[in-house]
Amino acid sequence: MQSTVQAAAPVQSNAAGIVWLKLSVLYLIVGVAMGIAMGASHNFTLRPVHAHVNLLGWTTLALAGLIYSVFPVAGASKLAKAHFWLLNLALPVMMLALAMMLMGNTAVLPAMVVAEFMAAAGVLAFAANLFLNLKR
Ligand code: HEM
């Protein structure tokens, strides 16, 4: 007797969020490693970098990935592309510059300011995207 039950195709729907989620978990690895290193060394100089890698990197990127997976129209929009590139180009620069500032290199301040404004512009693109492209 032939079975009529077919194996479900693997669901990889809504590709928009996947790259966000993969990047977010890389930030989680870095953030957790920094936390362990700070705890082990009792050197908390880079605490703000740890916090931002975890919150702006892991948490914010993962939330964007989940939101774009649930709302693929928003995930595929031009605003989502702007959000992606602004935030993901800015964030590594911001984290590196912040780490260098905390270690006493104030020359990187202009780079940090530019990266901060880019990240903020990315957040505004995200907000505009959700307001314009999330429909009931
Ligand atoms: C195994 C994982 C982690 C370890 C070992 C770790 C370790 C640490 C340590 C040692 C500190 C400094 C505590 C102090 O100054 O007394 C800290 C601060 C902090 N961590 Fe983590 N952490 C981890 C994961 C996370 C995650 C996942 C997040 C957020 C999603 C996070 C957010 C923060 C924040 C917001 C602070 C405070 C920063 C500040 O006061 O400037 N951490 N963590």
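Visitor: Does His 52 count as buried, exposed or partly exposed, and how many C-beta neighbours does it have inside 10 Å?

Guide: A residue is buried if 20 or more other C-beta atoms lie within 10 Å of its own, exposed if 12 or fewer, and partly exposed in between, with C-beta atoms placed from the backbone. His 52 has 19 C-beta neighbours inside 10 Å and therefore counts as partly exposed. Please note that this is a predicted model: local features need pLDDT of at least 70, side-chain atom pairs count only at pLDDT 80 or more, and totals for chains, interfaces and linings use all residues. Residues are numbered from 1 along each chain as its sequence is written.

Visitor: What share of the protein chain counts as buried?

Guide: Of its 136 residues, 26% count as buried.

Visitor: How many helices and strands does the protein chain have?

Guide: Helices (H or I, at least four residues) and strands (E, at least two) are DSSP runs, numbered from the N terminus. Here there are 5 helices and 0 strands, in the order α-α-α-α-α from the N terminus on.

Visitor: Where is His 52 found, and with which residues is it in contact beyond its neighbours within four places in sequence?

Guide: Two residues are in contact if their C-beta atoms, placed from the backbone, lie within 7 Å. His 52 belongs to helix H2, and, leaving aside neighbours within four places in sequence, it is in contact with Met 95 and Leu 98. His 52 and Met 94 are 42 residues apart in sequence, and their C-alpha atoms are 9.5 Å apart in space.

Visitor: At what angle do the axes of H2 and H4 cross?

Guide: Axes are lines fitted to C-alpha atoms, for helices over the stretch in contact, and angles run from 0 to 180 degrees between N-to-C directions. Angles under 35 degrees count as roughly parallel, over 145 as roughly antiparallel, 65 to 115 as roughly perpendicular and the rest as oblique. The axes of H2 and H4 (residues 78-102) come within 10 Å and cross at roughly 170°. The two helices are therefore roughly antiparallel to each other. In this contact, residues of H2 including Val 49, His 52 and Leu 56 meet residues of H4 including Leu 91, Met 95 and Leu 98.

Visitor: How do the residues of that contact divide by class?

Guide: Ala, Val, Leu, Ile, Met, Phe, Trp, Tyr, Cys and Pro count as nonpolar, Asp, Glu, Lys and Arg as charged, and the others, Gly among them, as polar. The contact of H2 with H4 has 11 nonpolar, 2 polar and no charged residues.

Visitor: How many residues does the largest nonpolar core have?

Guide: In soluble globular proteins, nonpolar side chains tend to be buried together. A nonpolar core is a set of buried Ala, Val, Leu, Ile, Met, Phe, Trp, Tyr and Cys residues joined through C-beta atoms within 7 Å. The largest has 25 residues, and those with the most contacts inside it include Leu 61, Tyr 68 and Leu 91. H1, H2, H4 and helix H5 (109-133) each give two or more residues to this core, and the largest share, 9 residues, comes from H4.

Visitor: Which residues come nearest to the ligand?

Guide: A residue is near a molecule if its C-beta atom, placed from the backbone, lies within 6 Å of it. Of the 15 residues around the ligand, Val 32, Gly 35, Gly 39, Ala 51 and Asn 54 come nearest. H2 gives the most to this shell, with 8 residues.
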